[in-house]
Amino acid sequence: MCFCCCPPAVTALAYLWIRSGFRKDAVAGALTFFPPDPPLYKFQRIDKDGKELPDISDDDVDDSDGEEDDERGEDDSDSELGVADDAPPSKATTQTSKEKRAEREQRRREEANADPIVAMTERSKIQRKRAKRRARTDAADAKAGVTYRFIPDTDSLGSLPSFNGSVEAVKIGPQKKTGTYIAALLYRRHAKDDDTKTIVYSHGNATDVGAMAGLQCLIAKNVNCHVLVYDYSGYGESGGMLGEKMTYRDIELVFQWTIDNVAKHERNIVLYGQSVGSGPSCFLASRKPDLGGLILHSPFTSGLRVLTPSRVLGCLDIFPNIDRIKKASCKVFIIHGQKDKEVPIEHGLSLQAAVRDDCKSDPWWVPDKGHNDIVEGPNIVQYINRLNQFMRLLRDED
């Protein structure tokens with residue numbers, strides 16, 4: 001490969017791939033997943049008696065988590081002070097430990113600023129430790145029968161729309177391979193009809209179920225459907241690690257839970273993928289012949305094609321939606337802003353062209369809107385109308 005002749009994006013990706021030890025997941029993680037930190041919501045833990053349990057922060061456990069303090073072999077143990085290993089640390093000792101951790105974090109930040117590969121490596125370490133702690137907590141909560149209450153960050157989000165149904169905070173799991181639990185919110189209408197559709201919403205890469213709460217509320221309230229929105233592994237209150245493959249496991253787990261607890265049958269489920277959420281949504285749609293429908297909001301043809309049309313590094317591509325959409329056997333509704341600069345509308349046009357003729361529905365090419373503002377302002381009315389039109393089409397098909 002001649003890097004001097006390659007587009008800058010390809011050169012950067014190749015550099016990242018080589019420096020990371022030829023790890024595709026490293027490239028995908030660096031380019032794709034940016035969960036809000038801190039999350040824009042929390043799940044309040046409730047015991048069997050209805051009493052609130054104390055929050056358990058991911059920072060409550062020492063960040064060494066059973067590993068060596070760091071690559072330089074520093075040691076926070078108290079053995080040199082004559083304190084037994086199992087004795088509670090003194091206040092002075094605890095303060096010293098905190099200072100060491102603070103110094104270490106500062107050093108790591110400086111290293112990360114000097115080298116993006118270091119930043120990627122440190123990010124991965126933090127995620128692994130967080131995933132281990134969250135897995136232990138979620139497993140213990142499941143065993144103890146702990147339930148959850150959704151608390152949005154209203155300081156950041158403002159007040160949320162009213163909803164006359166129920167809002168159920170759940171942790172779905174565990175995943176068989178990883179033991180991970182996935183945080184989800186179910187907006188359940190008080191519907192008498194057992195065939196009420198359920199939208200399973202896969203959100204964008206820089207948001208979470210807290211930030212999406214207002215929109216999901218409006219959809220459930222005005223489109224006559226249940227809505228389940230979930231956080232990917234590594235996001236919000238979900239456990240696990242960020243990654244393309246993990247999003248596939250996440251949506252499969254959530255999909256089956258929705259069938260078992262809400263929808264009763266695949267035909268009653270409509271997958272909705274926004275931006276990066278189009279990846280897991282197209283993945284599952286290509287594998288579910290009885291799926292009720294698929295909505296793609298600001299989707300891309302594939303992850304790498306957002307950066308460059310070059311296929312020089314096609315082996316590193318993620319979320320190949322353009323290939324999978326051809327295998328979808330349900331009705332497909334595509335929404336794309338005509339002024340989208342992050343994912344140009346050509347991606348939506350290409351996906352629409354790739355949909356089977358018998359699965360096509362009228363797309364919505366939204367004038368004067370970009371990647372993240374399609375549902376903002378007065379446009380929300382037309383957005384709801386378009387969703388209702390598509391849902392009526394699906395009901396007529398049944």
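In this predicted model, Ile269 makes contact, beyond its neighbours within four places in sequence, with Thr198, Val200, Phe255, Thr258, Ile259, Ala263, Leu291, Gly292 and Gly293. Ile269 also belongs to the largest nonpolar core, a set of 45 residues. Together with Tyr230, Leu271, Leu294 and Ile325, Ile269 is among the members that touch the most others in that core. As for who supplies the residues, helix 7 gives the most to this core, nine in total. Apart from this core lies another one, built from 37 residues that include Tyr148, Ala169, Val227 and Leu387.

Stepping back to the whole chain, the protein carries 12 helices and 10 strands. Of its 398 residues, 49% count as buried. Looking at contacts with a separation of 6 or more, 72% come from residues 24 or more positions apart. The protein exposes about 19300 Å², and 51% of that is supplied by carbon and sulfur atoms.

Ile335 figures in both pairings: His297 stands opposite Ile335 on one side of the account, and Trp364 is the bridge partner of Ile335 in strand 10.

Between those last two strands the chain passes through a helix: strand 9, helix 11 and strand 10 make a right-handed β-α-β unit. Helix 11 covers residues 345-354, and its buried residues are Ile345, His347, Gly348, Leu351, Gln352 and Ala354. These buried residues pack against strand 9 (332-337) and strand 10 (364-366), and also against helix 9 (303-307) and helix 10 (321-324).

Asp368 sits in the loop between strand 10 and helix 12 (379-397), and Lys339 in the loop between strand 9 and helix 11, so that the pair links distant parts of the chain, 29 residues apart. Both Asp368 and Lys339 are exposed. The structure holds 11 salt bridges in total. Another of them brings together the side chains of Asp55 and Lys42, at 2.8 Å from N to O. Lys42 is part of strand 1 (41-46) while Asp55 lies in the loop between strand 1 and helix 3 (91-114), so this pair ties together parts that are 13 residues apart in sequence. Asp55 is partly exposed, with a relative accessible area of 46%, and Lys42 is partly exposed at 28%.

The salt bridge between the side chains of Glu237 and Arg134 has an N to O distance of 4.0 Å. Glu237 lies in the loop between strand 6 and helix 7 and Arg134 in helix 4 (residues 116-144), so the parts tied together here are 103 residues apart in sequence. Glu237 is buried, with a relative accessible area of 15%, and Arg134 is buried too, at 8%.

The loop that carries Glu237 also holds Ser238, which is found between strand 6 (226-230) and helix 7 (244-263). Ser238 counts as buried because its relative accessible area is 0%, under the 20% cut-off. Leaving aside neighbours within four places in sequence, Ser238 is in contact with Tyr41, Arg130, Arg134, Tyr181, Ile182, Ala183, Asp231, Tyr232 and Ser233.

Conventions:
Residues numbered from 1 in each chain as written. Predicted model: local features only at pLDDT ≥ 70, side-chain atom pairs only at ≥ 80, totals over all residues. Heavy atoms only, no water. Buried < 20%, exposed > 50% of the residue type's maximum accessible area, 1.4 Å probe, protein only. Helix = DSSP H or I, 4+ residues; strand = E, 2+ residues; numbered from the N terminus. Contact = heavy atoms within 4.5 Å. Pairing = 2+ DSSP bridges. Right-handed = clockwise from strand over helix to strand, strands pointing away. Core = buried A, V, L, I, M, F, W, Y, C linked by side-chain atoms within 4.5 Å. Areas by Shrake-Rupley, 256 points an atom, 1.4 Å probe, with all protein chains shown as cover.
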